[in-house]
Amino acid sequence: MEYFALTNAWLIPLMPAIAFVLIGLFFKRWSALSACIAVFASAVSFILAIFAAIAVIGSGISVDAPFVGHVIWAEAAGLHFEMGMLIDPLSVMMLFVVSLVSLLVQIYSIGYMRGDKSFGRFFAYISLFSASMLGLNISANFLQMYIFWELVGLCSYLLIGFYYQRIAAREAAKKAFITTRIGDFGLLIGILLLQTVFGTVDFLELRQLLPSYIASYGTGTLTIIGILLFIGPIGKSGQFPLHVWLPDAMEGPAPVSALIHAATMVVAGVYLVARAYFLFASVPALLEFIAWLGAFTAFFGASIAISQREIKRILAYSTISQLGYMMLALGVGSLTASLFHLFTHAFFKALLFLCAGAVMHAMNDEADIFKMGGLRKKIPIVFITMTIGVLAISGVPPFAGFFSKDEILSAALSVNTPIYIIAVITAFMTAFYMARLLFVVFFGEKTNMRLHHISCFMQIPLVLLAVLSLVSGLGGYIYDFGYWIRFGAPQPEHMDISIAVLSAVLPLLAFILAWNIYVRKKWSADCIAARMGVLYTISFHKYYIDEFYAVLCRFFIDGIGRVMYFIDIYIIGGIINVISGLVLFSSTLLGKIQTGQTQRYAAAFLCGVIILLLCGILYFNKISGITAGGGVL
Amino acid sequence: MNIDLSSGLFYFLAAVMLFSALGIIYCRNLVHSALFMALCFISVAGLYAMINADFLAAVQIMIYAGTVVILIVLGIMITRRTTMERTSMPEKKYIFRASVLAGILFFLMSYIFITAGTLPTLNTVTLPDDTVSALAELLLDRYMLAFEIAAVLLLAAMIGAVVLAKGADEK
Amino acid sequence: MIIGITHFLIISAALFCIGLYGILIKRNLFSILMCIELMLNAVNINLAAFNYFLPMPDLSGQVMILFSVAVAAAEVAVGLALIFRVYRDFRTVNIDKLNSMKG
């Protein structure tokens with residue numbers, strides 16, 4: 001069974017794909033049936049993923065010796081493309097995470113989406129997403145990965161705009177699509193460059209070719225390729241300049257935010273970098289760039305999250321910040337730390353989003369946290385699970401975030417101290433805004449609203465994810481995550497005591513601070529905001545990035561549009577007008593000939609006859625000259 | 001070529017024919033034009049008679065000089081209500097151009113006819129004297145199909161004329 | 001001078017050109033119709049002359065004239081009908097006024 005799951009890993013993405021086709025084409029109308037199909041398909045692919053993972057552990061497959069399956073996809077002169085699957089601990093870990101979170105989110109959605117008109121459509125999209133994300137995970141080459149990369153982008157677009165009746169959702173979907181497209185374009189160019197330079201886009205072949213290439217040509221071209229490739233993750237994983245779509249993507253339903261915009265799709269960028277790490281690692285400058293960008297994004301996201309009021313927006317900026325963390329870890333050279341954090345983050349962030357969804361569901365789609373309060377007693381299960389999630393993301397031992405964050409911090413400290421300091425500050429801020437969220441929503445004055453019932457479909461995934469948030473870090477630590485998922489030689493898991501103490505104390509300090517501000521009201525939040533002045537305003541307005549883009553857009557697009565308009569009207573239009581004018585002019589000239597008088601036409605006809613006669617006479621004379629006389633008549 | 005045929009008769013008939021043709025054009029009164037046309041057709045019939053086409057001469061007089069001219073005169077009479085004087089006369093501005101064109105054409109044709117000097121001027125085959133029965137045999141034997149088609153054509157023309165002219169006096 | 005085929009051809013050409021000239025300068029539909037008849041007669045003369053002067057075994061040329069006359073008769077009938085029609089619709093037989101098809 002394990003061996004079957006390993007050699008037929010392509011079945012894992014195929015299951016949700018079949019579900020998508022079945023639901024999309026036939027069963028969209030029947031909500032219960034479509035949900036059953038989707039959940040069943042996800043469950044099957046999850047079971048297969050577990051078996052594949054067992055097989056990988058059991059059969060000694062490692063990142064250095066992966067299991068590879070190839071099918072020739074397209075062959076043309078000089079071009080050779082394969083569809084393949086690359087199964088190593090890295091992809092199996094991703095398969096496990098994605099299929100598990102996807103399964104849990106789908107179960108949650110049954111409760112969350114109940115009564116929605118487009119219930120079937122939702123499950124069709126979610127299944128398509130699972131299929132493409134799982135396909136992305138097992139891709140053996142860049143091209144195949146790119147295809148799935150675009151597919152998940154499409155699903156993201158479809159699901160953000162799920163409530164397409166709402167203008168905001170439509171706009172957000174468009175924004176997400178266009179913004180990630182910018183990144184995807186860079187990625188595409190990078191892939192094409194790879195094909196041109198190396199003649200292959202297969203990960204393993206590239207890995208073998210790379211050292212000799214660097215030895216003979218240096219790293220110049222490689223840097224360019226790396227930067228271009230990295231633009232894709234910047235867009236997809238919401239890194240600094242292209243992060244703007246992620247907060248807006250929260251217009252989609254909460255399960256979508258949990259699955260796509262927290263746990264899986266947005267980490268595709270991290271996964272891509274990890275997959276192509278052999279390439280990035282060979283150019284140190286590139287790694288440093290990634291590290292700084294990640295650090296900046298982490299700090300940047302956290303600083304915005306502090307001042308936001310909408311529950312899902314806070315989480316979205318938190319996601320940006322955490323993704324920055326992962327990039328930072330990659331940049332400082334620790335693939336293990338980054339993917340460990342990816343692993344744990346997927347659980348606790350999905351948990352947080354699902355909790356947020358549950359809260360909003362109960363509060364009748366209220367999003368502003370300051371309109372909530374005192375929900376602790378009313379929805380205790382959400383309170384408990386969300387607390388676990390907050391503790392996990394804040395890095396309180398022994399929750400999951402503690403182990404992964406600790407590893408990132410120690411990796412950063414060993415390479416780059418400024419980045420380490422940024423990371424520590426960010427960790428503090430993360431704990432603070434998460435505590436703020438938790439305290440404001442669940443403590444404080446009680447609202448008298450009648451809360452919606454939260455069904456068991458929603459509760460079970462919350463509990464499961466809470467358990468995973470609790471144990472995934474510890475489990476990863478105990479079972480030596482770094483032995484399986486690594487770059488280069490295996491490093492044993494170790495724990496730096498000073499860093500561990502620091503990262504355990506920092507969140508506690510942050511919690512105390514948040515408790516004093518938001519629960520005991522020792523210090524007024526508004527007062528602090530006013531004291532912070534400009535900083536608060538900047539943070540609240542998200543550094544005015546959106547406005548900046550709007551201005552940029554207006555300037556460039558409208559400016560170019562105006563130039564184009566000018567060209568169109570005066571140059572192209574001018575040419576067209578001249579041509580049409582010529583036609584008109586000549587037609588009026590010709591029209592003058594067309595007097596409508598038959599006799600004129602007869603006269604013209606006569607002229608023609610005369611000319612023909614003349615020609616005939618001349619020709620006849622010539623002939624008779626040659627044949628020396630002799631008539632025809 | 002009939003030796004007895006006097007060239008004087010030919011020139012006389014040709015002169016009458018051309019003169020009356022010009023008369024058609026230059027007559028102020030349309031009825032006079034029609035009468036000149038009748039004269040022209042009669043002289044053409046004379047020419048036919050000169051070259052052993054007596055049946056055709058009769059046909060010419062009966063159909064052209066008789067029927068066609070009478071039809072045209074009738075038509076002129078029916079549409080007489082508007083003044084014909086203004087429209088019946090040739091327009092001065094066209095005369096020059098038209099005469100130049102027609103003259104060039106005439107000279108070109110004459111040139112061709114005269115330079116093609118090797119035309120046989122004698123009929124070596126003797127034609128039958130009884131042209132009527134010879135024509136009849138030809139029409140009902142070799143040209144049977146064409147004859148029938150001509151009949152159909154005349155029928156169609158008759159119907160067409162009736163349809164077209166129908167209502168010319170109604171309204 | 002013996003009257004030969006050339007004489008007949010030349011007078012027929014003259015008649016033809018006079019008819020053409022008339023068509024070009026006249027503005028009355030009746031006059032134009034009459035000039036068309038002149039041109040047809042010119043052609044008929046040619047046929048008769050060829051039949052007489054050229055070595056022909058039978059009277060095929062004259063048969064052609066008969067057909068030509070039949071067609072001419074049809075043409076006159078239709079032509080007159082057309083003129084009536086035009087006269088009824090436009091109250092004129094001046095073809096300069098009949099230019100509603102002018103572009």
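Which residue forms a salt bridge with A:Arg181? Select A:Glu150: the closest N and O atoms of the pair are 3.2 Å apart. A salt bridge here is a side-chain nitrogen of Lys or Arg within 4 Å of a carboxyl oxygen of Asp or Glu.

Before going further, some housekeeping. This is a predicted model, where local features need pLDDT of at least 70 and side-chain atom pairs count only at pLDDT 80 or more, while totals for chains, interfaces and linings use all residues. Residues are numbered from 1 along each chain as its sequence is written, chains are lettered from A and ligands numbered from 1 in the order in which they are written, and side-chain values use heavy atoms, with hydrogens and water left out.

**Stop 1**

A:Arg181 sits in helix H7 (residues 167-198) and A:Glu150 in helix H6 (residues 142-160), so the bridge ties together parts that are 31 residues apart in sequence. Helices are DSSP runs of H or I with at least four residues, strands are E runs of at least two, and both are numbered from the N terminus. A:Glu150 is buried, at 17% relative accessible area, whereas A:Arg181 is partly exposed at 30%. Buried means under 20% relative accessible area, exposed over 50%, and partly exposed in between (1.4 Å probe, protein chains only).

Next, select A:Arg166 and A:Glu251, whose side chains meet in a salt bridge at 3.1 Å, N to O. A:Arg166 is in the loop between H6 and H7 of chain A, and A:Glu251 is in the loop between helix H10 (245-248) and helix H11 (254-263), so this pair links parts 85 residues apart in sequence. Both count as partly exposed: A:Arg166 at 38% and A:Glu251 at 22%.

Now go to helix H7 of chain A for A:Glu171 and A:Lys174, which are 3 residues apart and so separated by about one helical turn. Their side chains form a salt bridge too, at 3.6 Å, N to O. Then pick A:Lys175, A:Asp248, A:Glu310 and A:Arg313 together: salt bridges that share partners join them into one network.

Zoom out to the whole chain. Chain A has 26 helices and 2 strands, and 55% of its 633 residues count as buried.

**Stop 2: where chain B meets chain C**

Show chains B and C. The contact (heavy atoms within 4.5 Å) takes 89 residues from chain B and 74 residues from chain C. About 7,500 Å² is buried between them, with carbon and sulfur atoms giving 77%. Buried area is the accessible area (1.4 Å probe) that two parts lose on being put together, summed over both.

How many salt bridges cross the interface of chain B and chain C? The rule finds 1: select C:Asp58 and B:Arg142, with their closest N and O atoms 2.7 Å apart.

**Stop 3: spans in chain B**

An unreviewed UniProt entry places the feature "transmembrane region" at several stretches of chain B, including 57-79 and 143-165. UniProt positions are in the numbering used here, feature names are shortened, and annotations may be inferred rather than shown by experiment. Residues 57-79 of chain B are 96% helix and 0% strand, with end C-alpha atoms 31 Å apart. Residues 143-165 are also 96% helix and 0% strand, and there the end C-alpha atoms are 32 Å apart.

**Last stop: chain A against chain C**

Here, 8 residues of chain A are in contact with 12 residues of chain C. They bury about 780 Å² between them, 60% of it on carbon and sulfur atoms, and the salt-bridge count is 0.
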